[in-house]
Amino acid sequence: MENSGSSIKNKVLEVLSELPRNVEVVAAAKTRTPFEIMEAVNAGIRIIGENYVQEAEKAFQLIGEKARWHFIGHLQKNKVKKAVAIFDMIETVDSLDLAKVIDNAAGALGKKIDILIEINSGREEQKSGVLPENACALIEELTAFKNIKVRGLMTMGPLSTVPEDYRPYFRATRGVFDQIREKYIDGVEMRFLSMGMSDSYKVAIEEGANLVRLGTKIFGKRK
Ligand SMILES: *Cc1c(COP(=O)(O)O)cnc(C)c1O
């Protein structure tokens with residue numbers, strides 16, 4: 001028996017009560033069942049983050065429009081069509097190529113889709129994301145696509161168990177965010193800064209995040 005203090009519902013209520021008003025939670029749902037995700041939604045979660053299109057499709061069948069859907073994983077081009085059908089926002093766009101495929105797929109569905117640009121803030125070779133200094137040029141190129149709308153930035157930062165380790169990467173990403181926002185690029189709305197996970201969201205919020213992606217904090221440890 002799980003005690004009520006650690007139920008998904010109670011964890012959601014606890015985290016929602018402690019966050020500043022301007023910060024929204026993306027419930028990072030990888031490996032969770034549709035029923036677990038539904039429990040989080042019933043407790044007040046409004047945005048679900050999914051890393052895998054196939055998992056998202058299953059959860060979407062149960063939850064549908066009761067929540068908003070953000071894609072937070074690495075998006076393969078052959079999954080874009082399905083992704084565009086489900087997701088309200090794709091947080092991990094990092095190339096013109098991928099954006100073009102998303103734009104085409106959205107156009108075919110008569111849909112406009114919000115995107116964030118993923119920043120490789122740790123300059124890690126194996127990681128996705130665009131380098132900080134290349135973000136602005138990419139965003140300017142993306143204004144040519146009519147079915148996608150840039151609404152901000154997302155970053156992961158190099159994995160660590162020490163929350164403070166994330167701070168310089170979050171701060172650098174915030175710097176890029178501000179720089180781009182101050183350019184007032186036509187059709188670009190720099191509104192969302194998605195940074196921070198269960199271990200690091202407090203630091204992320206201090207550094208300006210207004211979307212935090214929480215998995216473990218809401219659902220418990222992944223098996
Ligand atoms: C899994 C995941 C998270 C959440 O991680 P936790 O440490 O469980 O909170 C956040 N963002 C992305 C991109 C993820 O894949």
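Predicted model: local features only at pLDDT ≥ 70, side-chain atom pairs only at ≥ 80, totals over all residues.
How do the residues of the lining of the largest pocket divide into nonpolar, polar and charged? I looked this up and found 12 nonpolar, 12 polar and seven charged (nonpolar is Ala, Val, Leu, Ile, Met, Phe, Trp, Tyr, Cys and Pro; charged is Asp, Glu, Lys and Arg; polar is the others, Gly among them).

Residues are numbered from 1 along each chain as its sequence is written, and side-chain values use heavy atoms, without hydrogens and water.

Pocket. I read a volume of about 660 Å³ for the largest pocket. Among its 31 lining residues, Lys30, Asn51, Ile72, Met156 and Met197 are the closest to the centre. (A pocket is an open set of points on a 1 Å grid over the protein atoms alone where a 1.4 Å probe fits, with protein on both sides within 12 Å along at least five of seven lines; lining residues have an atom within 4 Å of a point. Volume is the space filled by probe spheres set on the points, which are joined across faces, edges and corners.)

Pro34. I placed Pro34 in helix 2, residues 34–42 (a helix is a DSSP run of H or I, at least four residues; a strand is a run of E, at least two; both are numbered from the N terminus). Beyond its neighbours within four places in sequence, Pro34 touches Lys58, Ala59, Leu62 and Ile63 (contact: heavy atoms within 4.5 Å).

Strands. I found strand 2 (residues 47–50) parallel to strand 3 (residues 68–71), joined by four bridges (pairing takes at least two DSSP bridges). Ile48 has Trp69 as its bridge partner in strand 3.
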